[in-house]
Amino acid sequence: MINKKGFLWGGATAANQYEGSYNQGGRGESVIDYIPGGKQRMMLSFENKIDIYSRDEKQYVYPNHRAVEGYDYYFKDIDLMAEMGFNVYRMSISWSRIYPTGFEEQPNQEGVQYYRKVFEYLREKQIEPLVTIAHFDIPIEIARTNDGWHNRNTVDLYAKLCETLFTEYDGLVKLWIPFNEMNACMFLPLMTVGTDLTKFDNRDEALYQCLHHQLVANAMAVKIAKEINPENKLATMTIAGANYAYDCNPVNVLAKTIDARMFNYFCGDVQHRGFYPNYALSMFKHNGYNIIMEDGDVELLANNTVDFHTFSYYSSMVTDVVNEHETSGGNMIHGVPNPHLKASEWGWTIDPIGLRIVLNELYDRWNTQLMIVENGLGAIDEFDGTTVNDDYRIDYLEKHIEQMEIAVNIDGVDLIGYTPWGWIDLVSASTGEMSKRYGFVYVDIDDQGNGTANRYPKASFYWYKEVISNNGLK
């Protein structure tokens, strides 16, 4: 078990993958509403081959429109969380449910009141809300009009959203994550920054400009939150994966080191230390990237660092730039297959010890509290009409929790919480599939959006309930 009091046990979802009701309650359209489901989803997003002005509903399914009907089921689902013993729930708001286009002067009160009821009910059930403000969910009009986060004006639109949230939910929410998986922008740019990269001559330069604007916006969020209530706590959130060199060839070791710095550490270095690290500035200079930074940006970053670090961990990667291999990957982490490890049905390397490695690396680097806010196994579940016997999911989570406990109890890592992804079945972010299931609760919806949306606890539901009651594994 975890040898510390007050550990946060729960689960995680994202509004765009959970809520559905994309045109209800005054909600405007989001970029995610134009991204189709299916195995081509990630490549379409990566290559910006998605029309953000129209949808082809004859050729594609748009699963996020219905998602898993969380908008209608929220309060019943919170009851399930309480039954499992959650004391924290990581969720996100839909930006376009608060500001339908992003450009309005006043928020959509129906959306504001809806989330207020959700937060109040979570508090009633003694569940702490950990709220992500932007989780792959930018209003479509900001993408069309502003080129998403490439436009500096989007920082101001986001700051307006933050001020509304921190003001409206003061006393209900104190734990905030301004951006989900900030380092994912290099792989899913349309989904993460809402920018059509085909408009720019230099793709990577444009993306780092978007990322700079998000880093500035993150610091602005910290500033606004602390001014409204100094008790607010804000975290950065990144994808984290152990990164191994394929062998001891110094070329591979160097490549692995460079990859790890720019992917695992860059965003966290800026947000925890308050300045751009030398390795990033040198990379910009070497590649001729002209990243525009306005007056005051340096001071804003320096004076508004985050309080703790959250991250997702699903898999590890292996770097080999010397030899040719087939590629493998997981959650936008790509490399060569690891001969010592197995992979999931979607090819994501399963590496529990890698989680312990990551926990130690991040804690040693920033000496700040850590929280694992995504971790889980996407798998095909066989539903028997009443439940799913998902021993494979239990095995995956058990081995990761074991390494998490070793990191806390033996290595001394200050880990404060764990919210597996997604505690209930959701639309997959990477593929848009429902058949790629993560949850402790089965939702009766298929890849085509058909089904009752009824909820059924799986075997893992009762297993995780016992883990929580024991403050970890027996």
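Two strands count as paired if DSSP finds at least two bridges between them, and strands here (E, at least two residues), like helices (H or I, at least four residues), are DSSP runs numbered from the N terminus. Keep that in mind for the views below.

This is a predicted model, in which local features need pLDDT of at least 70, side-chain atom pairs count only at pLDDT 80 or more, and totals for chains, interfaces and linings use all residues. Residues are numbered from 1 along each chain as its sequence is written, and side-chain values use heavy atoms, with hydrogens and water left out.

**View 1. Strands 3 and 4 side by side.** Look for Leu130, which stands opposite Leu175 in strand 4. Four bridges link strand 3 (residues 128–134) with strand 4 (residues 175–179), and the pairing is parallel. In general, strands of a sheet pair through backbone hydrogen bonds, either parallel or antiparallel.

View 2. Eight strands form a closed barrel in the order 1-2-3-4-5-7-11-12, with parallel pairing. From one strand to the next, the twist averages 30 degrees (angles run from 0 to 180 degrees between N-to-C directions, with axes fitted to C-alpha atoms, for helices over the stretch in contact).

**View 3. Strand 7 and its neighbours.** Here you can follow Thr310 to both sides: Thr310 is the bridge partner of Met237, and in strand 11 the partner of Thr310 is Met371. Strand 5 (residues 233–239) runs parallel to strand 7, joined by five bridges, while four bridges join strand 7 to strand 11 (residues 370–374), also in parallel.

**View 4. Helix 7 meets helix 9.** The axes of helix 7 (residues 153–168) and helix 9 (residues 203–228) come within 9 Å and cross at roughly 30 degrees. That makes the two helices roughly parallel (angles under 35 degrees; over 145 is roughly antiparallel, 65 to 115 roughly perpendicular, the rest oblique). Among the residues in contact (heavy atoms within 4.5 Å) are Tyr158 and Phe166 in helix 7 and Met220 and Ile224 in helix 9.
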